[in-house]
Amino acid sequence: MYYIIFFFFFVMIRRPPRSTLFPYTTLFRSLGDEEYDAVVNWVGFTPQDVELDIARFAGRTGQYVFVSTCSVFGRPVPQLPITESSPRRHSLFGYARQKLAAELVLEEAYRERGLPLTIVRPMHT
């Protein structure tokens with residue numbers, strides 16, 4: 001049996017105010033002590049959001065997927081095409097700045113705690 005969590009569905013059911021964190025306490029309580037093949041986080045926005053995920057899912061998921069943004073590459077882009085080795089930079093745009101900070105926290109968890117991590121950066125949404 002496959003267990004996959006898509007945080008996106010929880011947002012559709014109950015959208016929290018933009019100024020607060022996603023209601024992780026309620027989510028985690030409902031998940032119990034299960035292990036998961038994959039966790040896909042569509043709504044993580046800040047480093048605090050993903051730190052909660054790391055605490056909850058490190059060692060309990062086969063793959064953690066974080067949906068970030070292509071805006072972490074900043075503008076103007078120094079060279080096209082953009083690749084995984086393109087430099088990321090802190091943007092003046094708050095959304096991209098927060099997403100990049102969250103990516104950095106997750107990358108540290110990958111290196112230090114073995115969190116199986118994939119970061120997706122959609123280009124056209």
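User: In this predicted model, is Arg121 buried or exposed, and what is its relative accessible area?
Analyst: Buried means a relative accessible area under 20%. Arg121 falls below that cut-off and is therefore classed as buried, its relative accessible area being 14%.

User: With which residue does Arg121 form a salt bridge, and how many residues apart in sequence are the parts that the pair ties together?
Analyst: The closest N and O atoms of the bridge formed by Arg121 are 2.8 Å apart, and the partner is Glu103. Arg121 lies in the segment after strand E4 (117-120), whereas Glu103 belongs to helix H4, so the pair ties together parts whose separation in sequence is 18 residues.

User: Which other residue forms a salt bridge with Glu103, and where does that residue lie?
Analyst: Glu103, which is buried with a relative accessible area of 0%, forms a salt bridge with Arg88 in which the closest N and O atoms are 2.6 Å apart. The two residues are 15 apart and link distant parts of the chain, with Glu103 in helix H4 (residues 94-113) and Arg88 in the loop between strand E3 (64-67) and H4.

User: Which residues are linked in the network of salt bridges, and how many salt bridges are counted?
Analyst: Arg88, partly exposed at 29% relative accessibility, also forms a salt bridge with Glu107, the closest N and O atoms being 2.8 Å apart. Glu107 counts as buried at 17% relative accessibility. The network links Glu84, Arg88, Glu103, Glu107 and Arg121, and the number of salt bridges counted is 4.

How values were computed. Residues are numbered from 1 along each chain as its sequence is written. This is a predicted model: local features need pLDDT of at least 70, side-chain atom pairs count only at pLDDT 80 or more; totals for chains, interfaces and linings use all residues. Side-chain values use heavy atoms; hydrogens and water are left out. A salt bridge is a side-chain nitrogen of Lys or Arg within 4 Å of a carboxyl oxygen of Asp or Glu. Helices (H or I, at least four residues) and strands (E, at least two) are DSSP runs, numbered from the N terminus. Buried means under 20% relative accessible area, exposed over 50%, partly exposed in between (1.4 Å probe, protein chains only).
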